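Student: I would like to go through this structure and ask what the terms rest on.
Tutor: Go ahead, and I will set each value against its definition.

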Amino acid sequence: MDMDYNGEAGCLDPELLQLNEVSPLAIKSNPYVAEKLFEQWLSLPETTPLVKSLLNNAKAGVPLNVSGSISSPKATSGNSIPSMFPGGSTPPLSPRSSSGSPRIMKQRAGPSVLGSPLKLVSEPAKELIPQNGRPPPNELKERCLFRSNQFFYGHMEGLQLHEFKPVTKEICKLPSFFSTALFKKIDVNGTGVVTRDAFVDYWVHSNMLTKDIATQIFAILKQPDLRYLTHEDFKPILRELLTTHPGLEFLQSTPEFQERYAETVIYRIFYYVNRAGNGRLTLRELKRGNLIAAMLHADEEEDINKVLRYFSYEHFYVIYCKFWELDTDHDFLIDKENLIRYGNHALTYRIVDRIFSQVPRKFTSKVEGKMGYEDFVYFILSEEDKSSEPSLEFKCIDLDGNGVLTRNEMQFFYEEQLHRMECMAQEPVLFEDILCQIVDMIGPKDEGYVTLRDLKGNKLSGSAFNILFNLNKFMAYESRDPFLIRQERENPTLTEWDRFAHREYIRLSMEEDAEDASNGSADVQVIRVQTFFNLSGIAQQEGCKAFRSVTKYDEAERINLHKIHPANQKGVSSFQIARQQKGLG
């Protein structure tokens, strides 16, 4: 049964075996797999004559070439190494060697540095360093399959929802609070489990693996028949965030404020990211914004108040309490007379009338002449940070809507400011002087008018708007506090909104402290508020005072938990520690 074999023998390199069910990574990490494959090869009928032929050639002194190249025509016709695959077809070369990388091709085809042909076999292949930050798709797929086999090992029937979070975070590299949304996206039939094959079909075979994280999140959140995201699409991930984030555990006893927090986060997201302002967040807008970075930050940071973009609980606290103070009848609607009291009557009647004309932005409230909570969120974010890009779109002051601010439009709004200064016995500043000051601050390309391009990138743009319709901020700008200026220089990354929210949160808390001190023990006050919640179950009837009291109690409880676990002390802000030292814990 001896047979001639004029080809050359090679070594068993798992990188050259491209199997349907076993990846090269699995062969490398488990020698048992390679051993079984070798036993299977030995059992094939063609193997015995081939081995005998190689032995005869070795006895005859025929040199063996291990380069892997086949020079004999006979070898290509039928006398090659017997195949272990259906139909006898040899598996193609690994994408590593055919990916076109000069570095890998030189390693496999070039001679050894020592001049020995055996060096090519014994030398381990160097790991491919991706040139564009990501490995090639095939190698990425192999890694994902290998990790999937690890996580689904021992779960032949699939993973349940509470077991799926490691897959979301470790394999998909998504925030952990996307676990439920991803699970339901895969489990379309609602079986309650996700199998390994179902996950691979969705994440690998549908090319989700090779997409950027913004596209992945967009595909997971959006409805199948839509090409944009709505408010409703963000609610599932925020519900999971409220349930699982350690910085929001204290809200679990007050579900009504969990809902308000989620609404506020959604409104903030659409205010900054949805630049079209139509409530339909597109993939392009999602990629241009900083929402993905904020989500990843929120997932890693235990103190939610350190996530200043969108998710800070202190920011929500300030927005909600400011709204509640203006909403005197607590019908969750605000009219002109309510809004004119904002900031201690800082705004002019003309700018308030312009806001309620709804020309700059239509209210979501269905009640005529009333502003809802979502509208107020847009208002306060614009009013307190006029240098932000959404606020710079000066639709309120652009009376004719032509996209430029003229001298007459600015004078129309400043006239009321001038009248108010006269009533307050302040030295009036003539409009001509104000106009020169605004031109110097903004430096427009054409001094005859101001465009949006002139305002963008200018740190003084917000102050120019304050001059026109916010008297308190105008006066504060004229008498700038050197201490505040130094603070801004020390923290240049903080926005005007960040500084405002921090000041207001401290003020609201100090007011609550003073009220507790006048009413007796803080503990007695907390017990009274808790009893009210337990009996009535309607938190909003008690208003912002009860809201702050319960919040304070739960924050103190969270501080106590962090005291038990020193490793988690980083999750407590310095302000919370100060409150604890004052005896509020």
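Student: What share of the contacts in the protein with a separation of 6 or more is accounted for by residues 24 or more positions apart?
Tutor: The share is 63%, where contact means heavy atoms within 4.5 Å. This is a predicted model, in which local features need pLDDT of at least 70 and side-chain atom pairs count only at pLDDT 80 or more, while totals for chains, interfaces and linings use all residues. Residues are numbered from 1 along each chain as its sequence is written, and side-chain values use heavy atoms, with hydrogens and water left out.

Student: Why is asparagine 274 called buried?
Tutor: Buried means under 20% relative accessible area, exposed means over 50%, and partly exposed is in between, with a 1.4 Å probe and protein chains only. Asparagine 274 has a relative accessible area of 3%, so it is called buried.

Student: What makes the pairing of the side chains of asparagine 274 and glutamate 285 a polar contact?
Tutor: A polar contact is a pair of N or O atoms within 3.5 Å; within protein, one must be able to donate a hydrogen and the other to accept it, and residues adjacent in sequence count only if both atoms are side-chain atoms. The value for these two side chains is 3.1 Å. Asparagine 274 itself is found in the loop between α14 (255–273) and α15 (283–288). Helices here are DSSP runs of H or I with at least four residues, strands are runs of E with at least two, and both are numbered from the N terminus.

Student: Why is lysine 173 called exposed?
Tutor: Its relative accessible area is 54%, so lysine 173 falls in the exposed class. Lysine 173 is found in the loop between α9 (165–171) and α10 (179–186), and has a positive phi of about 60 degrees although it is not a glycine.

Student: Why is histidine 345 called partly exposed?
Tutor: Histidine 345 has a relative accessible area of 40%, so partly exposed is the term. Histidine 345 lies in helix α19 (residues 342–345).

Student: What makes a set of residues a nonpolar core?
Tutor: The members are buried Ala, Val, Leu, Ile, Met, Phe, Trp, Tyr and Cys residues joined through side-chain atoms within 4.5 Å. The largest such core here has 118 residues, and Phe234 is one of those with the most contacts inside it. Leaving aside neighbours within four places in sequence, phenylalanine 234 is in contact with residues including Leu221, Ile266 and Met295.
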